[in-house]
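Q: I would like to go through this structure with you, topic by topic. Could we begin once it is on the screen?

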Amino acid sequence: MAEQVLAADGRPLKTSLNRALRRQKLRALMLIAPLLLFILLSFVMPIADMLFRSVENQIVGETLPRTVVELKDWDATSGAEPDAAVFEALARDLSIAVEEKSHTRLGSRLNYELTGISSLFRKTGRSVDEVGEAAQDALEALSPAWAERSAFGGLLGTARWTADLDAWDGEGTAPAFEARPEMAAALPETTRLYTSFANMVGAEGDNPLTEKQWPIVSHVFAQEIVTAETPDGLDAFGQAVFSDVKAAMAATTLDDPKAIFIDVDEDWGSTDVWRTIQTYSPAYTDGYFLNSIDRLKGADGSEARPENEQVYVTLFIRTMIMSFTITVSCIVLGYPIAWLLANLPARKANLLMILVLLPFWTSLLVRTSAWKVLLQQQGVINDILVWIGLVADDNRLQLINNQTGTIIAMTHILLPFMILPLYSVMKTIPPTYLRAAKSLGATNWTAFWRVYFPQSIPGIGAGSILAFILSIGYYITPEIVGGTKGVFISNRIAYHISTSLNWGLAAALGAILLAIVMLFYYAYDKIVGIDNVKLGG
Amino acid sequence: MTATASDGAFVAFERVQKSYDGENLVVKDLNLSMPKGEFLTMLGPSGSGKTTCLMMLAGFETATHGDILLDGVSINNIPPHKRGIGMVFQNYALFPHMTVAENLSFPLEVRKMGKSDREAKVKRALDMVQMGDFAGRRPAQLSGGQQQRIALSRALVFEPELVLMDEPLGALDKQLRETLQFEITNLAHSLGITTVYVTHDQTEALTMSDRVAVFDDGRIQQLAPPDELYEKPENSFVAQFIGENNTLEGVITEIRGNTCIVKLDNGDIIDAVPVNVSAVGERTKVSIRPERVEFNRERLHEDAHTLKAEVLEFIYMGDIFRTRLRVAGRDDFVVKTRNAPDQERLKPGQTIEIGWLAEDCRALDA
């Protein structure tokens with residue numbers, strides 16, 4: 001090993017050098033910090049968030065925590081609907097969800113997987129308070145005190161909480177609910193539900209003791225008290241009441257959530273709904289990705305979607321093929337222009353350059369709409385062709401609302417992105433190479449093909465990457481001129497983002513698109529070499 | 001066909017004119033003929049038309065008027081790739097995406113030569129410039145001098161009879177340039193190739209060429225072997241352009257056969273050889289080379305005219321002394337003397353008498 005080199009002060013030279021450079025590096029970093037921050041906030045984080053959404057599925061577990069647990073052991077292939085315990089759990093989850101209004105969001109989430117679930121949830125949400133009516137009636141029959149709105153609060157909450165509530169001036173949120181430990185031990189689920197109730201009412205600025213509690217609280221209370229041990233710390237009178245209620249409830253026929261739900265909508269009796277809930281109960285799912293490649297999560301593993309629902313794979317392939325076609329058209333049309341730009345005298349080249357850049361001064365939407373005018377069957381191009389006599393009047397060309405329209409308009413829009421890198425590379429190829437080749441005996445064509453063209457490949461590479469990647473993600477132009485046959489995968493992504501609001505699927509499609517672009521980039525690097533990409537000198 | 005001076009010449013320009021814009025002539029009435037095997041240099045300041053001439057010969061520019069003949073045949077309408085002229089460019093123009101061997105193989109490939117022939121020729125051409133070990137390298141991996149050697153061997157590999165070189169050594173440092181000058185001339189002579197060499201470096205022109213054509217203002221000012229060019233410049237441009245030169249201005253007062261008397265502007269009288277002056281009373285620029293000035297009165301002709309000179313500066317340059325004098329009212333008169341043991345070292349402020357042999361002093365156009 002080489003001996004360590006020391007600086008004049010005896011420190012290792014490397015350390016000294018690093019110290020000297022640190023300040024410089026820090027200053028450089030400070031200089032780019034605003035940009036870095038901006039990119040982080042506006043680019044990296046949104047992308048990461050979108051990628052995360054493509055697998056994220058916490059909404060089911062968070063909205064229906066009890067149901068998900070109960071449903072875990074249900075066998076979807078049995079053909080029978082789940083047992084009463086699952087419905088019981090669903091009634092509790094749904095009661096909370098309805099108050100939080102989160103059941104509609106869950107409904108739309110699950111609706112992506114099974115059409116109809118959304119309306120099922122909304123419908124059920126309206127009737128979920130039927131569960132608990134029997135219990136409440138029985139309680140009130142036992143003692144009118146149970147009709148008091150403060151009955152459950154007084155039973156389950158601590159004296160301090162009640163006092164706090166009495167002292168509360170009604171501004172802001174009410175004091176948080178505080179459960180009596182012995183009640184929480186004896187009636188755990190009742191306490192939990194009441195806690196949800198009290199805190200939600202409190203958050204809205206209302207006093208829980210003056211609000212009617214949810215029927216589900218009575219329902220669960222009636223269930224739990226039958227088997228509950230008499231809590232410690234009750235006085236004799238309390239114990240007597242407790243055992244009275246216990247006996248009365250044991251004798252009461254409570255509401256059956258299963259019967260009520262199936263009565264509301266018979267879909268609750270079908271295994272499809274339950275299987276969907278079960279399949280999408282984990283916090284993370286590959287369902288969106290499966291959907292993106294025209295598959296779905298079946299009872300066991302993934303299976304192909306029905307033929308008439310398969311759209312995405314076709315769309316991906318079409319996007320690839322059309323992007324490729326557009327890129328090739330850009331090369332074919334752009335190469336001669338770039339060559340002219342690089343070889344004309346400066347005055348003419350500048351004028352030509354302005355013409356190349358002219359499209360950037362016009363709005364993309366305007367340019368695309370102009371193509372609509374030009375390309376339609378009664379449009380300018382067809383008129384001219386008919387006038388020349390190339391096309392019969394009754395047989396006008398279909399140039400728009402199909403792939404042709406998309407290819408024409410996209411080629412026009414992406415052409416500058418091909419020309420500019422090509423031009424800047426060609427600008428660096430001295431004309432003496434062509435002269436040298438000719439002086440060595442090469443014809444014009446050979447000189448071009450063997451000497452000039454190989455040197456312009458980095459420009460083609462850079463232009464192609466730009467044009468291909470831009471076109472693969474384009475959606476405005478295909479949307480306007482593409483009709484149904486000429487749209488790209490990005491149009492579906494845009495649809496899911498803004499219309500169907502299925503962001504998870506949009507994210508999954510986007511992630512796949514990103515992966516494909518990365519793959520192309522990697523393949524390009526392997527075949528051509530990314531060092532061979534030049535945007536200039 | 002009319003007989004011209006170019007009959008039997010290998011390369012000939014006949015009354016060639018060239019204009020790029022239709023208003024100015026870049027090349028005005030160029031006539032030039034070269035025998036086979038000659039090494040001819042076109043020398044001139046930039047914009048003098050020398051490169052344009054070369055490009056017309058190569059076929060990259062077309063003559064606006066006149067004929068360019070190669071081996072007696074007009075090549076005006078032959079495209080460059082059919083002329084079979086080898087060319088070396090200033091920036092080498094080696095194809096960067098090909099190896100050295102591929103570069104050399106290129107002219108042979110376009111001539112549809114077989115693979116084994118090609119390889120043999122490439123190898124021979126590389127050995128010729130001592131670059132045999134570099135066949136697999138890319139041009140970017142070579143130094144400037146190496147690249148120029150490759151460019152040279154590429155221009156020679158298809159065995160052209162005429163090779164054009166456009167300032168090929170312009171981008172190299174002095175020492176390398178001298179080595180390559182020597183190599184190029186040797187190679188050209190040993191292969192018997194006719195060479196047209198363009199440069200603005202007069203030393204290069206003098207040391208390499210059989211003949212030098214001095215260009216200025218679109219015309220050949222003088223076409224002569226190097227020694228004649230230096231010693232017998234035919235006009236004041238050539239005298240000024242080639243080598244160092246002292247100029248004195250005056251009026252012809254007397255012409256006597258091959259000598260004349262010139263009265264300088266300050267009234268001094270000197271002897272000179274009339275070159276392109278014809279009449280008494282004509283203004284003239286008199287040219288004397290710094291090394292031909294004599295200040296030892298004994299070595300001069302006894303009735304030779306002498307001038308008074310004041311030493312302004314004495315510069316010791318090792319092999320020579322360079323003395324700047326004030327002569328006939330001019331401060332830029334330079335004398336070069338050899339550093340010999342008996343050579344006097346002049347001191348600034350000293351006044352001396354200088355003179356020269358009449359044949360070393362040429363009375364040229366004003």
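Q: How many Å separate the centres of domain 2 of chain A and domain 3 of chain A?
A: This is a predicted model. In it, the centres of domain 2 and domain 3 of chain A, taken over C-alpha atoms, are separated by 70 Å.

Q: And which residues belong to each domain of chain A?
A: Domain 1 consists of 58–129 + 258–285, domain 2 of 132–254, and domain 3 of 312–532.

Q: What about the domains of chain B?
A: Chain B is divided into domain 1, covering 11–231, and domain 2, covering 244–365. The C-alpha centres of these two domains of chain B are 39 Å apart.

Q: Let us turn to helix packing in chain A. At what angle do H21(A) and H23(A) pack?
A: Helix H21 (residues 403–426) and H23 of chain A pack at about 155°, and their axes are 8 Å apart. That angle makes H21(A) roughly antiparallel to H23(A).

Q: Is that crossing left-handed or right-handed?
A: H21(A) and H23(A) cross in the right-handed sense.

Q: Which residues meet there?
A: From H21(A) come A:Met410, A:Leu414, A:Phe417, A:Met418, A:Pro421, A:Leu422, A:Val425 and A:Met426. They meet residues of H23(A) that include A:Gly459, A:Ile460, A:Gly463, A:Leu466 and A:Leu470. By class, the contact of H21(A) with H23(A) has 14 nonpolar and 4 polar residues, with no charged ones.

Q: How does H17(A) pack against H23(A), in angle and distance?
A: Helix H17 (residues 312–343) and helix H23 (residues 444–472) of chain A pack at an angle of about 140°, with 9 Å between their axes. H17(A) is therefore oblique to H23(A). The crossing of H17(A) over H23(A) is right-handed.

Q: What residues make that contact?
A: On H17(A) they are A:Thr319, A:Ser323, A:Ile326, A:Thr327, A:Cys330, A:Ile331 and A:Gly334. On H23(A), the contributors include A:Ile460, A:Gly463, A:Ala467 and A:Phe468. The contact of H17(A) with H23(A) divides into 7 nonpolar, 7 polar and no charged residues.

Q: Which residues of H19(A) and H21(A) meet?
A: A:Leu364, A:Arg367, A:Thr368, A:Trp371 and A:Leu375 of H19(A) meet A:Gly405, A:Ile408, A:Ala409 and A:Ile413 of H21(A). This contact of H19(A) with H21(A) comprises 6 nonpolar residues, 2 polar and 1 charged.

Q: And the geometry of that pair: what are the angle and the axis distance?
A: Helix H19 (residues 364–375) of chain A packs on H21(A) at about 140°, with the axes 10 Å apart. H19(A) and H21(A) are therefore oblique to each other, and H19(A) passes H21(A) in a right-handed crossing.

Q: Changing topic to the two chains: how many residues of each are in contact?
A: 19 residues of chain B are in contact with 15 residues of chain A. On the side of chain B that touches chain A, strand E6 (85–88) and helix H2 (100–109) are the elements that give two or more residues. E6(B) supplies the largest share, with 3 residues. That side of chain B has 13 nonpolar, 4 polar and 2 charged residues.

Q: Now the sheets. What is the strand order in the open sheet that contains E2 of chain B?
A: This sheet of 4 strands has the order E2-E1-E4-E5 in chain B, with antiparallel pairing.

Q: Why do E2 and E5 of chain B each have one side without a neighbour in the sheet?
A: Strand E2 (25–34) and strand E5 (73–74) of chain B stand at the edges, each with a single partner strand, so one side of each has no neighbour in the sheet.

Q: How many bridges join E1(B) to E2(B)?
A: Strand E1 (residues 11–19) of chain B pairs with E2(B) in the antiparallel sense over 6 bridges. B:Val11 stands opposite B:Met34 of E2(B).

Q: What of the open sheet with E16 of chain B: which order do its strands have?
A: The order is E17-E16-E15-E18 in chain B, again an open sheet of 4 strands with antiparallel pairing. E17 and strand E18 (351–354) of chain B are the edge strands, each pairing on one side only. The twist averages 45° from one strand to the next.

Technical notes: Residues are numbered from 1 along each chain as its sequence is written. Chains are lettered from A and ligands numbered from 1 in the order in which they are written. This is a predicted model: local features need pLDDT of at least 70, side-chain atom pairs count only at pLDDT 80 or more; totals for chains, interfaces and linings use all residues. Domain bounds come from an automatic or database domain assignment. Axes are lines fitted to C-alpha atoms, for helices over the stretch in contact, and angles run from 0 to 180 degrees between N-to-C directions. Angles under 35 degrees count as roughly parallel, over 145 as roughly antiparallel, 65 to 115 as roughly perpendicular and the rest as oblique. A crossing is left-handed if the near helix is turned anticlockwise from the far one by less than a right angle, and right-handed if clockwise. Two residues are in contact if their C-beta atoms, placed from the backbone, lie within 7 Å. Ala, Val, Leu, Ile, Met, Phe, Trp, Tyr, Cys and Pro count as nonpolar, Asp, Glu, Lys and Arg as charged, and the others, Gly among them, as polar. Two strands pair if DSSP finds at least two bridges between them.
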